[in-house]
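User: Could you walk me through the terms used for this model, and show me how each one is decided?

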Amino acid sequence: MSKLNINGKLRDVEAEPDTPLLWVIREQVGLTGTKFGCGIAQCGACSVHINGEVQRSCSIRLSDVKATDKIVTIEGLSPKVSHPVQKAWLAIDVPQCGYCQSGQIMAAAALLKKTPKPTDRDIDEAMTNICRCGTYPRIRAAVHMAAGMAAGSGSVAPTQRKRA
Ligand code: FES
Ligand code: FES
């Protein structure tokens, strides 16, 4: 039995120590917003925050995480989808199939925490998550919008909805 702090709650989980954190989150805890893509730390679909850093949970073993580590999944990013990144994603209508998007949002939120006003280059360097639908231009636009909102200068007015 291990204890994990996920989205502010301490959870008891039972799995082999080498079980990927992704599967513990999805199958033991039942939080299925975090997705499986490649399983080899390449695509970013499984991104979560651990102690404020974005991490690829498919490549972290259960035994690598302590009960004191703070894990945040897409379900715990904000109450009521109120994080600026989530608001910007909705305003710009970023997702296509949606599969990669929880990982993209987690990566964007981590980027903005470290770099509140990222340049295009900052975004391209930090956001290496793969989107098979090619939503990259909308992702970039939404990160800029979220940065503006966080600084109090942005807006999520419906008129700003657009397809890139
Ligand atoms: S599933 Fe973890 S990086 Fe692709
Ligand atoms: S929206 Fe389909 S993979 Fe990114």
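Analyst: Happy to; here is some background, and then your questions one by one. This is a predicted model, in which local features need pLDDT of at least 70, side-chain atom pairs count only at pLDDT 80 or more, and totals for chains, interfaces and linings use all residues. Residues are numbered from 1 along each chain as its sequence is written, and side-chain values use heavy atoms, with hydrogens and water left out.

User: Why is the pair of W23 and F36 called tilted?

Analyst: Rings of Phe, Tyr and Trp (its six-membered ring) pair if their centres lie within 6.5 Å; planes under 30 degrees apart are stacked, over 60 edge-to-face, and the rest tilted. The centres of the W23 and F36 rings are 5.2 Å apart and their planes meet at 40°, so the pair is tilted. A search of the whole structure finds 1 aromatic pair.

User: What makes this a link between distant parts of the chain?

Analyst: W23 sits in helix α1 (residues 21-28) and F36 in the loop between α1 and β3 (47-50), 13 residues apart. Helices here are DSSP runs of H or I with at least four residues, and strands are runs of E with at least two, numbered from the N terminus.

User: Why is W23 called partly exposed?

Analyst: Buried means under 20% relative accessible area, exposed over 50%, and partly exposed in between (1.4 Å probe, protein chains only). W23 has 28%, so W23 is partly exposed. F36, with 34%, is partly exposed as well.

User: How do you know that α3 and α5 are oblique to each other?

Analyst: Helix α3 (residues 101-114) and helix α5 (residues 136-150) pack at about 40°, with their axes 11 Å apart. The axes are lines fitted to C-alpha atoms over the stretch in contact, with angles from 0 to 180 degrees between N-to-C directions. Under 35 degrees counts as roughly parallel, over 145 as roughly antiparallel, 65 to 115 as roughly perpendicular and the rest as oblique. The two helices, α3 and α5, are therefore oblique.

User: Which residues make the contact of α3 with α5?

Analyst: With contact meaning heavy atoms within 4.5 Å, Q104, A108, L111 and L112 of α3 meet I139, V143, A146 and A147 of α5.

User: What makes N7 stand out, and is N7 buried or partly exposed?

Analyst: Most residues other than glycine have a negative phi. N7 has a positive phi, near 50°, and lies in the loop between β1 (2-6) and β2 (9-13). Its relative accessibility is 23%, so N7 counts as partly exposed.

Note on methods:
Chains are lettered from A and ligands numbered from 1 in the order in which they are written.
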